[in-house]
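This report is meant for a reader meeting the structure for the first time.

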Amino acid sequence: MKSKITLFTVLALTLSVAFGQDSVHQTIPNSIVKFLPIELAYSTFMIELEDFNKQGTKSTSFGIGATYSERTDYEDEKVSGIKGELIHRIYISPFSQRTSKKGRNYMLGIYGGLFVRGGYEKIESEFYFGNGATSTDQTNTREGTWIFPGAMIGVARTYWDKLLVDLYVGAGVRAVNVDDSNPSSYDFYGYYYHVSPLDYGGVAPNIGIKIGLWL
């Protein structure tokens, strides 16, 4: 009889956590670990850790990512680099428990914030320069640093107790500094764009989605 009661208790607790019916999320989070899937489009794996104050009204997060890719379909190219991001959020509507139409509990928070992103990138490439019989096979190493400060707003919601989805939109001004080892590469990069927009400077959007785990 005791074993049946124990099994029933364990199953009840498991289902409560799985379907978000418990009151676990009535308290604010200590921290959230997030993955940035949009960075995969730039051959970058990036994660972020967001830490909250005791009241849950403010948070600071730090993200770091590593970039690496190789391609030979058009011109031989290898891209490597590192990037980071610092965000300070103020929760206009701090995380609080809500109930869906299906009767499941979830947490929802709305925030505004300031961010600064930056990084270093190196692009090693081979390309043909010239035309016809005068074309030559040349190489170039392009190195650049960039910084991107701006402002953003976002909304974050939990699913299945521990999964968090963070949607955000914002904008800022991007400044870049790029150097090439081969002067001829200027004409080459004038019509060829690789996977990472290292050259772009000016006003730019900051829009995306982050997937996190509530800790």
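Two strands are said to pair if DSSP finds at least two bridges between them. In this predicted model, β1 and β8 meet that condition, since four bridges join these two strands, which run antiparallel. Within β8, Trp214 is the residue that stands opposite Ile32. β8 also pairs with β7, again in the antiparallel sense, and here the pairing extends over 12 bridges. One of the bridge partners can be named: Val165 has Ile211, in β8, as its partner.

These strands belong to a protein chain that holds two helices and eight strands. Read along the sequence, the elements follow the pattern α-β-β-β-β-β-β-β-α-β. Of the 215 residues in the protein chain, 38% are buried.

**Aromatic rings**

The structure holds eight aromatic pairs. Phe35 and Phe45 form a pair of the tilted kind, with 5.8 Å from centre to centre and 35 degrees between the planes. This pair links distant parts of the chain, because Phe35 lies in strand β1 (residues 31–35) and Phe45 in strand β2 (residues 44–52), 10 residues apart. Phe35 has a relative accessible area of 26%, so this residue counts as partly exposed.

The rings of Phe115 and Phe148 have their centres 5.3 Å apart and their planes at 80 degrees; because an angle over 60 degrees counts as edge-to-face, the pair is given that name. Here too the pair links distant parts of the chain, with Phe115 in strand β5 (residues 105–129) and Phe148 in strand β6 (residues 136–159), 33 residues apart. Both residues fall under the 20% limit for buried residues, because the relative accessible area of Phe115 is 3% and that of Phe148 is 6%.

Ring pairs also link Phe52, Tyr91, Phe95, Tyr111 and Trp214 into a cluster.

| Charged residue | Ring | Distance from the ring centre |
|---|---|---|
| Arg89 | Tyr111 | 4.9 Å |
| Lys210 | Tyr168 | 5.0 Å |

**The largest pocket**

The largest pocket has a volume of about 450 Å³. It is lined by 19 residues, of which Tyr42, Arg117, Phe148, Pro197 and Pro205 are the closest to its centre. The elements that give two or more residues to the lining are β5, β6, β7 (163–180) and β8 (202–214). β8 gives the most, with four residues. By type, the lining divides into 12 nonpolar, two polar and five charged residues.

**A loop residue**

Which residue other than glycine has a positive phi, near 55 degrees? The residue is Ser43, whose phi is near 55 degrees. Most residues other than glycine have a negative phi. Ser43 is found in the loop between β1 and β2, and with a relative accessible area of 24% it is partly exposed.

Notes
Residues are numbered from 1 along each chain as its sequence is written. This is a predicted model: local features need pLDDT of at least 70, side-chain atom pairs count only at pLDDT 80 or more; totals for chains, interfaces and linings use all residues. Side-chain values use heavy atoms; hydrogens and water are left out. Rings of Phe, Tyr and Trp (its six-membered ring) pair if their centres lie within 6.5 Å; planes under 30 degrees apart count as stacked, over 60 as edge-to-face and the rest as tilted. Buried means under 20% relative accessible area, exposed over 50%, partly exposed in between (1.4 Å probe, protein chains only). A charge sits over a ring if NZ of Lys or CZ of Arg is within 6 Å of the ring centre and within 35 degrees of the ring normal. On a 1 Å grid over the protein atoms alone, a cavity is a set of points where a 1.4 Å probe fits but cannot get out, and a pocket is an open set with protein on both sides within 12 Å along at least five of seven lines; lining residues have an atom within 4 Å of a point. Grid points are joined across faces, edges and corners, and a volume is the space filled by probe spheres set on the points. Ala, Val, Leu, Ile, Met, Phe, Trp, Tyr, Cys and Pro count as nonpolar, Asp, Glu, Lys and Arg as charged, and the others, Gly among them, as polar.
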